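Have a look at the model below before you read on.

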Amino acid sequence: MIVLKLAWQSVLNRKFTTILTILSIAVSVVLILGVEKVRSGARVSFANTISGTDLIVGSRSGDVQLLLYSIFHIGDATSNITWKTVEDIKRRNEVDWLVPIALGDSHRGYRVVGTSQDYFTRFRYRRNIKLDFTDGEPFQDLFEAVIGSEIAKILKYKVGDEIILAHGTGPVKLNKEHGNTPFRISGILSKSGTPSDRAVLVSMEAIEAIHVGWETGNFQKDSVQQSPENLRKMKLHPKAATALYVGLKSRMQTFSLQRWINSYPEEAITGVLPGVAFGQLWALIGNVETALLIISSMVVFVAILGMLISIMASLNERRREMAILRAIGASPIEIFTLLAFEALTLSILGIIAGFVSVFGAMLLLQPFLENITGLFIEIATPSSREIVILGIILMASIVAGIIPAIRAYLTSLSDGLMIKF
């Protein structure tokens, strides 16, 4: 007990060195726990880009490809789904709701998404949150559009402004504008951190309207450009969809409906579970988190190495102290314990300081991070992975502290008595 008191007093007496050592360990803990929190938060937010949707249906392709174009609007489908197929799926007893989307057009580099009114109530993200509006309301008229928060911010749009959609999703200069059918912005979505922030949402009927005369992919010379008034009078019905979001009455029916979709005889389509597809996609891009973990581990190593150097350097200044302790009866094992306990104390204080700093920063920054980046980091009790990380840091610190303790154990008496005063 006396040795432990001496160790604590020694730590207090070397305040400047102690504070620097604790600070270096705390910073390393903040970094590695911060990376872990961001990693887990990014993974959860990524997987919850869409929530509450049981199946995503598209033309026959890989799960990841279907996920990329249907959710993230990256790339294009190999083909569309005919509307007869959409109706067949909708009539299935297992299906509670169905939201179609149609891709293929753009506005100044942003994807145009044709969909139904149900998109605004059925599309959920993260913690089953539905889309909200900062201004305006969902489209009602054939030529009304809802835009994402990012588009409104960057292009400085407001409700009531008119926009022109373009045919195609390539470079802006190569796209052909549907100049005769301007759209009025009816609503602006609140920031959600999902692809909806960068989308222009219109009705499925609007997609059909702007493509009257464009059936071959280019405007046919013998076709007459229809005015918005004439198009409103037409009976416009969707002919195809790029993908479908499907919600079921019971999740117990998910696999049976998926089998039926994948073996649908009329058309080559596929149904994927969003969670499974997100897992596959994360496996492809998850190497980034490994790189971050390696970098933060190197910082931890440097901090522990700094503690080791600090204690080793202090031994030269404390040779007389060690010798006096031996002379008054301290055993070599007590000298060893003294140095080892000092290292343990510094490590524990550094870990506690880093841990408190991380959670304090999360309490302050969580709302800002969610609002600015859409990244939701949950404030919860430490996960098993985080506990393991802290345990590894503590064990590594103890091992580092043993090295100077062994040196003091071996040389405290003989080396100390040789000092000339």
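1. Let's begin with an aromatic cluster: Tyr119, Phe120, Phe123, Phe133, Phe139 and Tyr245 belong to it together. Keep in mind that this is a predicted model, not an experimental one.

2. How many aromatic pairs does the structure hold? The count comes to 10. One of them joins Tyr119 and Phe120, with 5.9 Å from centre to centre and 80° between the planes, which makes the pair edge-to-face. Both partners are tucked away: Tyr119 is buried at 2% relative accessible area, and Phe120 is buried at 5%.

3. Phe120 also pairs with Phe133, and here the ring centres are 5.6 Å apart. Stacked pairs have planes under 30 degrees apart and edge-to-face pairs over 60; the planes of Phe120 and Phe133 meet at 45°, so this pair is tilted. Where do the two residues sit? Phe120 is in helix α5 (residues 119-122), whereas Phe133 is in strand β7 (residues 133-136), so the pair ties together parts that are 13 residues apart in sequence.

4. Is Phe133 buried or exposed? Its relative accessibility is 19%, and the limit for buried is under 20%, so Phe133 counts as buried.

5. Now for a ring with a charge over it. Look for Trp260: the charged end of Arg92 sits over its ring, 4.4 Å from the ring centre.

6. Next, check the backbone at His73. Phi of His73 is near 60°, which is a positive value in a residue that isn't glycine. You'll find His73 in the loop that runs between α3 (63-70) and β2 (81-82).

7. Arg108 is another one to click on. Its phi is positive too, at about 50°, although Arg108 is not a glycine. Arg108 is in the loop between β3 (95-107) and β4 (110-115). Is Arg108 buried or exposed? Exposed means over 50% relative accessible area, so Arg108, at 51%, counts as exposed.

Note on methods
Residues are numbered from 1 along each chain as its sequence is written. This is a predicted model: local features need pLDDT of at least 70, side-chain atom pairs count only at pLDDT 80 or more; totals for chains, interfaces and linings use all residues. Side-chain values use heavy atoms; hydrogens and water are left out. Helices (H or I, at least four residues) and strands (E, at least two) are DSSP runs, numbered from the N terminus. Buried means under 20% relative accessible area, exposed over 50%, partly exposed in between (1.4 Å probe, protein chains only). Rings of Phe, Tyr and Trp (its six-membered ring) pair if their centres lie within 6.5 Å; planes under 30 degrees apart count as stacked, over 60 as edge-to-face and the rest as tilted. A charge sits over a ring if NZ of Lys or CZ of Arg is within 6 Å of the ring centre and within 35 degrees of the ring normal.
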